[in-house]
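Colleague: I'm new to this one, so could you walk me through it slowly?
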Amino acid sequence: MMRSWVWISAVSAAVAAVALAWPRMKGPDLSRGAAVYAEACASCHGAKLEGQPEWRSPGPDGRLPAPPHDETGHTWHHPDSVLFRIVKEGTASVVGGGYKSDMPGFGGDLSDAEIRAVIAYIKSAWPERERSYQERVSQGN
């Protein structure tokens, strides 16, 4: 009888711990990230994350076109913390030093959860090599 009580108590405690931790354990909502990306990002970065043509060369205004967010770009070279700040604050704010960019900050339009969901959506499109590299960079930051 005592063993049954101990076992039931242990299972109940485990279920309660999982229930309390579930919101933190659950990853970003990729479908929400895809929807936010389509609404806020695709017009510059492309519906398929492909970026703008000639994204490595400054345009007539001296600014770089929007880079791709797929594996052909450099997004995966940056840790999550930098990607989050770029989306929230804008590229010029993060780079500093008078850098000019057409990438605005979306902190006034998107919640932190939406920004994380967009980043997760972008990362979900990367091949394993890029995802693994970016994960290591993020852990080291």
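Modeller: Gladly, bearing in mind that this is a predicted model; let me begin with helix α7, residues 128-139, whose 12 residues at 1.5 Å a residue should span 16 Å, and this agrees with its end C-alpha atoms, which are 16 Å apart.

Colleague: Okay, and which residues of α7 are buried?

Modeller: Those are E130, Q134 and S138, and because they fall within an arc of 70 degrees when one looks down the axis of α7, they line one face of the helix. On the other side of α7, by contrast, R129, R136 and Q139 are exposed.

Colleague: What do the buried residues of α7 pack against?

Modeller: They pack against two other helices, α4 (80-89) and α6 (112-124).

Colleague: Let's stay with α6, then: at what angle do α2 and α6 pack?

Modeller: Helix α2, which covers residues 30-40, packs with α6 at an angle of about 95 degrees, and their axes are 7 Å apart; since angles of 65 to 115 degrees count as roughly perpendicular, the two helices α2 and α6 are therefore described that way. From α2 the contact involves L30, R32, G33, A34, V36 and Y37, while α6 contributes E114, A117, V118, A120, Y121, I122 and S124.

Colleague: And how do the residues of that contact divide?

Modeller: For α2 with α6, 9 are nonpolar, 2 polar and 2 charged.

Colleague: Zooming out, how many helices and strands are there in the protein?

Modeller: The protein has 7 helices and 0 strands, and of its 141 residues, 28% are buried. Among the contacts between residues at least 6 apart in sequence, 50% join residues at least 24 apart.

How values were computed: Residues are numbered from 1 along each chain as its sequence is written. This is a predicted model: local features need pLDDT of at least 70, side-chain atom pairs count only at pLDDT 80 or more; totals for chains, interfaces and linings use all residues. Side-chain values use heavy atoms; hydrogens and water are left out. Helices (H or I, at least four residues) and strands (E, at least two) are DSSP runs, numbered from the N terminus. The expected span of a helix is 1.5 Å times one less than its number of residues. Buried means under 20% relative accessible area, exposed over 50%, partly exposed in between (1.4 Å probe, protein chains only). The arc is that of the directions from the helix axis to the C-beta atoms. Contact means heavy atoms within 4.5 Å. Axes are lines fitted to C-alpha atoms, for helices over the stretch in contact, and angles run from 0 to 180 degrees between N-to-C directions. Angles under 35 degrees count as roughly parallel, over 145 as roughly antiparallel, 65 to 115 as roughly perpendicular and the rest as oblique. Ala, Val, Leu, Ile, Met, Phe, Trp, Tyr, Cys and Pro count as nonpolar, Asp, Glu, Lys and Arg as charged, and the others, Gly among them, as polar.
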